[in-house]
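Open the model in your viewer and keep the selection tool at hand. The tour moves from one selection to the next.

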Amino acid sequence: MRAFLAEGGFETHCDAWLSGHDPEFSRRLAERGWVGMTWPKRYGGQERSQLERYAVLEELLAAGAPVAAHWIADRQTGPLLLHYGTEAQRQEFLPAMARGECFFGIGMSEPDAGSDLASVRTTARRVEGGWLLNGTKVWTSHAHRSHFMITLVRTSALGEDRHQGLSQLVVDLRGPGVSVRPIELLTGEPHFNEVVFQDALVPEERLVGAEGDGWRQVTSELAYERSGPERFLSTFPLLVETVRELGPDPGEAGARALGALYGRLSALRGLSMDVARRLEAGEAPNLEAALVKDLGTRFEREVVETARLLVPPDSAGEAFQRLYRQAVAHAPGFTLRGGTNEILRGIVARGLGR
Ligand SMILES: Cc1cc2nc3c(=O)[nH]c(=O)nc-3n(C[C@H](O)[C@H](O)[C@H](O)COP(=O)(O)OP(=O)(O)OC[C@H]3O[C@@H](n4cnc5c(N)ncnc54)[C@H](O)[C@@H]3O)c2cc1C
């Protein structure tokens, strides 16, 4: 992996796992068996362990490699389909994902349903041959560059229990009745989108799992979404550059600050790897995953602040300045995407109280 990364062909970026979208890089990675690597061989995977996958992810993140194109499919949509999908769905999507040729977005958030995800209003009405979708999703990362989106919809009317009546559908983002409108990030890059459905017909066989079981399925997806090393390594390239800038003698303040960061990093790593092991064992470590994301995203923001205090950005080298600018521009999203930290702490508090 390190030899492959040393071949280059990309520029190291902060937050590259969500903003470094490079389909060609994803395909090169897939050719070497590093996409879908834990999946069964019959679906294009390599049957490697979660721990081996973890080692690959860490190397990619540490290098700031542009992995965003396949990240969602590899991290959560593939496992979701393996768990809940039909045999036809697995055969249709998993091998193409593992070749780095089929990219997925996440269609959860809506204009009035973010933290309170169960209040989604996008409806899917059963019609002959499938489902008719109407509604709007928002903040959908890379919908304008992805092929499909796993979409959380309401398939029966809102009742007393808001967690009932939700379902997940695979929606073709280029299909009729689907409009994808890019929204720019602070940096001016197109990143996320508004996705509008106007009588969009989704074939019957694109329902994932059981009708009405969407809440249970989507929450199981969140443990994959929240617990990986990307939740604390988004700014790792800046940390490496900070160490380089300070040189072999960082001074007492520098040594203390860097030591404290490395101590926390190794604790986060232990926690995140433990979640990976539990996922492999078929458990649902939602509380632990929420902890990784809450502690991890605060850590990756502190890296930015520590870098600023130790290395005055104006006097630093070009690489530091570039990574610092990227980290500052992307940091506001760290504690929002994938569930805000306030919501995650609620999950942890409720879990500990049980
Ligand atoms: C970079 C980025 C990429 C994203 N990509 C995707 C994507 O691909 N797909 C997708 O579906 N979504 C995506 N999102 C959306 C993200 O999941 C939501 O922004 C997030 O869940 C928060 O929802 P909201 O923006 O509606 O904020 P709100 O839910 O309106 O929250 C606003 C504020 O109120 C606080 N708050 C809300 N409820 C409570 C409560 N009960 N207790 C305490 N505080 C509370 C929140 O913590 C937050 O600070 C992305 C977001 C970002 C920033």
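Start with two helices. Select residues 68-84, helix 5, and residues 87-98, helix 6. They pack at an angle of about 160°, with their axes 10 Å apart. Axes here are lines fitted to C-alpha atoms, for helices over the stretch in contact, and angles run from 0 to 180 degrees between N-to-C directions. Helices are DSSP runs of H or I with at least four residues, strands are runs of E with at least two, and both are numbered from the N terminus. Helix 5 and helix 6 are therefore roughly antiparallel. (Under 35 degrees counts as roughly parallel, over 145 as roughly antiparallel, 65 to 115 as roughly perpendicular, and the rest as oblique.)

Before going on, note that this is a predicted model: local features need pLDDT of at least 70, side-chain atom pairs count only at pLDDT 80 or more, and totals for chains, interfaces and linings use all residues. Residues are numbered from 1 along each chain as its sequence is written, and side-chain values use heavy atoms, leaving out hydrogens and water.

Now show the side chains between these helices. From helix 5, pick Ala73, Thr77, Gly78, Leu81, Leu82 and His83. They meet Gln89, Arg90, Phe93, Leu94 and Met97 of helix 6. Contact means heavy atoms within 4.5 Å.

Next, select the cysteines Cys14 and Cys102. Buried or exposed? Cys14 counts as buried, at 1% relative accessibility. Cys102 is buried too, at 6%.

Move to Arg121. Find this residue in the loop between strand 1 (104-107) and strand 2 (123-127). Arg121 is exposed, with a relative accessible area of 58%. Which residues does Arg121 touch, not counting those up to four places away in sequence? Glu110, Asp112 and Asn134.

Last stop: select helix 10 (residues 286-310) and helix 12 (residues 341-353). Their packing angle is about 140°, and their axes lie 9 Å apart. That makes helix 10 oblique to helix 12. Show the contact residues, including Leu287, Asp294 and Arg298 of helix 10 and Leu344, Arg345 and Val348 of helix 12.

Key:
Buried means under 20% relative accessible area, exposed over 50%, partly exposed in between (1.4 Å probe, protein chains only).
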